[in-house]
Amino acid sequence: MTGHGGPVVVVGGGVVGLCTAYYLAEAGLEVEVVERRALGSGASRGNAGWVCLSHSTPVPAPGVVRYALRSLGRPDSPLYLRPLPDPAFVRWLWRFWRSSTPAAFRRGYTAIAELNRTTFDLFDGLREAGVETSLTRPGMVHAFLSPAEARHHLAVQRQMAHGRYPLPDDVVTGDDARLLDPALSDRVRAAYLVEGEGVVDPEAFARALGEALAASGVKIHENTDATGFRTEGDRVTALRTATGEIPCSAAVIAAGMRSSDLLGSLGHPLPLQAGKGYSFSVDLDPAPRHTLYFGERRAVASPIGATTRIGGTMELSGNNNRLDWRRIVAVALASRHYLGRWFDDPDDLVSLIRDPWVGGRPFLPDGLPVIDRVPGHDNAFAATGHGMLGVTLGPVTGRTLADYVRTGRRPDALMPFRFNRAPWSGGSAGR
């Protein structure tokens, strides 16, 4: 709900913030974007670029906590937990465990799947409006070393999908499995293709959104650190930055891990933790033609431009962006089970790979984002906690939140993503 006194200010220049700004501007509102570094330089930059329906699942799932506990002392594990002497971190893990029941997982999956229904339509709309999304839809190959594991994974996906996206009837096994994509090695003994799944170059997508915003008259403040807000009663009247105030009629906080501090300045911090992911780029011959999911090792590969981006891991080691080279090596070694010996010795990786990256993807304990009005503030909104789904959910988050900001009425699709919900608030419905 906007009012008089300036533009809608969107804090955060990643895919989620930029998409929100785009749809606000498309609706005719005056908009400004504030980003403390360059547009698309945070968690949006080095991720796998997936735009997908079949992997849009909450991280908390049955068995995941037990899996994480087994990773203690093993920095090569796909899911790595390093305990911290921090009561907030312990509380977050307890809430994460509470969200890992089968019932909670099904609720979360359903909520994301319903929100996700129009994702590809929105990407098509952006392209038709002139935004170079870079989206292609080659489909996703799920590759496994074990036919039993592949069939189990497909069965779980079929149970959760409820017809929302196409799935094959069975897996392809034996030597035929690796024929689904030329990059797969002969160690892959089972695989299946989910058609229509997409991939973008996330950095190029963010850049294209920024160009579209600038062309439509949106003012963009890069290298500008937001520090808090000026308020009058229940309304935000200005964004405070390190270089001065920006008067505003409404504010959207979509600043990734920085969101909790900014929301804290409004009296409502969120329990965000950085789920650190790693990636790098490499030239492979043959290169993948599809996005690839490496089932047992939970790593991925994406054809992005002329290179292949390989990524993986979920590291819970505190809110930092320290790059642990052992994690890069672990992802590379995991990929070799499925892509063959594209390198012989880990020491070779320094010369073979480009752009080693680590990003702190913002996670809430139940694995779902918050997309809602900030309690107690008529014109302040939050869009954060998207974890590994920022690119997939960016357009639909932006579109639905822009409707909420414009009308003051929460869209039904956003009910599961409200601010005041279990497991950290006692589960009240909020405003």
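How exposed is aspartate 124, in terms of relative accessibility? Let me start there, everyone, and thanks for coming. Aspartate 124 counts as partly exposed, because its relative accessibility is 24%. Before I go further, please keep in mind that we are looking at a predicted model.

Aspartate 124 has a partner. Its side chain forms a salt bridge with arginine 127, and the closest N and O atoms are 3.1 Å apart. Both residues sit in helix 5, which covers residues 119-128. They are three residues apart there, so about one helical turn separates them. Arginine 127 is partly exposed as well, with a relative accessibility of 45%.

How many salt bridges does the structure hold? There are 18, and I would like to show you a few others.

Have a look at arginine 151 and aspartate 170, whose side chains meet in a salt bridge at 3.4 Å, N to O. On the accessibility side, arginine 151 comes out at 42%, so it counts as partly exposed. Aspartate 170 is partly exposed too, at 41%.

Next come aspartate 175 and arginine 189, with a salt bridge of 3.0 Å, N to O. Here both partners lie in the loop between strand 6 and strand 7, so the bridge ties together parts that are 14 residues apart in sequence. Arginine 189 has a relative accessible area of 29%, which means that it is partly exposed. There is also a network to point out: Arg230, Glu232, Arg240 and Glu245 are joined into one by salt bridges that share partners.

Now let's turn to the cysteines. A disulfide is a covalent bond between the sulfur atoms of two cysteines. How many disulfides does the count come to? The count is zero. Take cysteine 19: the nearest cysteine sulfur belongs to cysteine 52, and it is 15 Å away. A disulfide needs the two sulfur atoms within 2.5 Å, so cysteine 19 is in no disulfide. Cysteine 52 is in no disulfide either, its nearest cysteine sulfur being that of cysteine 19, at 15 Å. Are these two cysteines buried or exposed? Cysteine 19 is buried, with a relative accessible area of 1%, and cysteine 52 is buried at 2%.

Staying inside the protein, we find one cavity of 30 Å³ or more. About 30 Å³ of space lies in this largest cavity. Which residues line it? The lining is made up of Val59, Trp92, Phe96, Met314, Leu316 and Phe363. Helix 3 (87-98) and strand 17 (307-316) are the elements that give two or more residues to that lining.

Let me finish back on the surface. Leu323, Trp325 and Val350 form a nonpolar patch there, and together they have about 280 Å² of accessible area. Valine 350 is part of helix 10, residues 349-352. With a relative accessibility of 62%, valine 350 counts as exposed, because the cut-off for that label is over 50%.

That's my tour, and I'm happy to look at any of these spots again with you.

Conventions
Residues are numbered from 1 along each chain as its sequence is written. This is a predicted model: local features need pLDDT of at least 70, side-chain atom pairs count only at pLDDT 80 or more; totals for chains, interfaces and linings use all residues. Side-chain values use heavy atoms; hydrogens and water are left out. Patches are made of residues with over 30% relative accessible area and no salt bridge: like charges are joined within 9 Å, nonpolar side chains (Val, Leu, Ile, Met, Phe, Trp, Tyr) within 5 Å. Accessible areas come from the Shrake-Rupley method with a 1.4 Å probe; for residues, only the protein chains shown count as cover. A salt bridge is a side-chain nitrogen of Lys or Arg within 4 Å of a carboxyl oxygen of Asp or Glu. Helices (H or I, at least four residues) and strands (E, at least two) are DSSP runs, numbered from the N terminus. Buried means under 20% relative accessible area, exposed over 50%, partly exposed in between (1.4 Å probe, protein chains only). On a 1 Å grid over the protein atoms alone, a cavity is a set of points where a 1.4 Å probe fits but cannot get out, and a pocket is an open set with protein on both sides within 12 Å along at least five of seven lines; lining residues have an atom within 4 Å of a point. Grid points are joined across faces, edges and corners, and a volume is the space filled by probe spheres set on the points.
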